Amino acid sequence: MNYDAALDQAIGQLHEEGRYRTFIDIERRKDHYPQAVWNRPDGTQAEITVWCGNDYLGMGQHPIVLNAMHEALDSTGAGSGGTRNISGTTVYHKQLEAELADLHGKEAALVFSSAYTANDATLSTLPKLFPGLIIYSDSLNHASMIEGIRRNGGAKRIFRHNDLAHLRELLEADDPAAPKLIAFESIYSMDGDFAPIKEICDLADEFNALTYLDEVHAVGMYGPRGGGVAERDGLMDRIDMFNGTLGKAFGVFGGYIAGTAKMMDAVRSYAPGFIFTTSLPPAVAAGAAASIRYLKGVGGQKLRNAQQLHARILKMRLKGLGMPIIDHGSHIVPVVIGDPKHTKALSDMLLGDFGIYVQPINYPTVPRGTERLRFTPSPVHDAKQIDHLVRGMDALWSRCALSRAEISA
């Protein structure tokens, strides 16, 4: 086999379809986010505004987080030195897990190197703990959930996105005595829509199923203490296991699950993705714990309020220009372009002509024909930056002769 030719063909296909992913080299600067510096391919630099970051609340630059990380770094050094089982558990990891358990109103939590790993490791391990387990998975669940469910070797059922009738139909068709788990997300990040959490929990109660809720795009963002959509809706006690990230609203790095102490003990004892992975650096754990503590308080609510306000303003102004946005009331602002090459071209022009960085979202992240630009306004985006973005989108929409919705008077 000509291996180089095979690689050329695989990469060339992505270029041909217009969905080859390009890394944009940026430098975030402390105290200036969402402003950053773009290191252009020609060696020059330009000031840009980041509009697609997942540091939703700007906590990656918050003094409380940075101070906690500096203190831990100066106290313990850089790395953890091992897996959690072999010298890699420190007071910082225990404090972080205690903060997470408290955040979700659960007995315990377990920290992983990423939310992807947490989903993959947990969902692939559960059939070892519950022989014959059937997992019911929303069709739009994240790739990490899909991969974990695929690898576990157990039975799975895929229900249509947020379709309660279809989920009920699948549950009714299976053996009532079989162990069951419903895996879903609170906010689906590509459209920004919410799951019917209460109704899914009602079905879980009726059919004696466990519930597994991915709150990756909601933790820190919703609820009076940032516990997510389940906290906002008063449903935390009805969720058996939470999955979340430390790398989005909390502004640091890592992922976790939370649930009963017995469940966390079983997963940590059986999941290879936990057992054989070096634990988070203590400084990262310290920064994450500080961020969670802060966002549980009044300061966190102020950030959440400002973020939601900026999201509403951006949506309102883009709608006023006839932009095809998807609005389900969350903090995510998707503008559907519908063609991968056009999406990439708009992204490039926004960056090159206006200093606005928003990454194109193409297949397989979203279905073909729904390619989009996804904006994530934050509390640290100001009115001037929002205005600049709206004017840039308006100018490029006209320049590229893209269609607009009719604007009512």
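Guide: P364 sits in the loop that runs between β15 (360-361) and β16 (372-375); strands (E, at least two residues) and helices (H or I, at least four) are DSSP runs, numbered from the N terminus. This is a predicted model, in which local features need pLDDT of at least 70, side-chain atom pairs count only at pLDDT 80 or more, and totals for chains, interfaces and linings use all residues. Residues are numbered from 1 along each chain as its sequence is written, and side-chain values use heavy atoms, with hydrogens and water left out.

Visitor: Is the peptide bond from Y363 to P364 cis or trans?
Guide: That bond is cis, with omega near 10°.

Visitor: And which residues does the cis bond with omega of about 15° join?
Guide: It joins Y33 and P34. P34 is in the loop between β1 (26-28) and β2 (35-39).

Visitor: What about D31, where is that?
Guide: D31 is also in the loop between β1 and β2. Its phi is near 75°, a positive value in a residue other than glycine.

Visitor: Why does D31 count as exposed?
Guide: Because its relative accessibility is 52%; exposed means over 50%, buried under 20%, and partly exposed in between (1.4 Å probe, protein chains only).

Visitor: What is the phi of S87?
Guide: S87 has a positive phi of about 70°, although it is not a glycine. S87 lies in the loop between α2 (63-76) and α3 (91-104).

Visitor: New topic: where is L7?
Guide: L7 belongs to helix α1 (residues 3-17). L7 counts as exposed because its relative accessibility is 52%.
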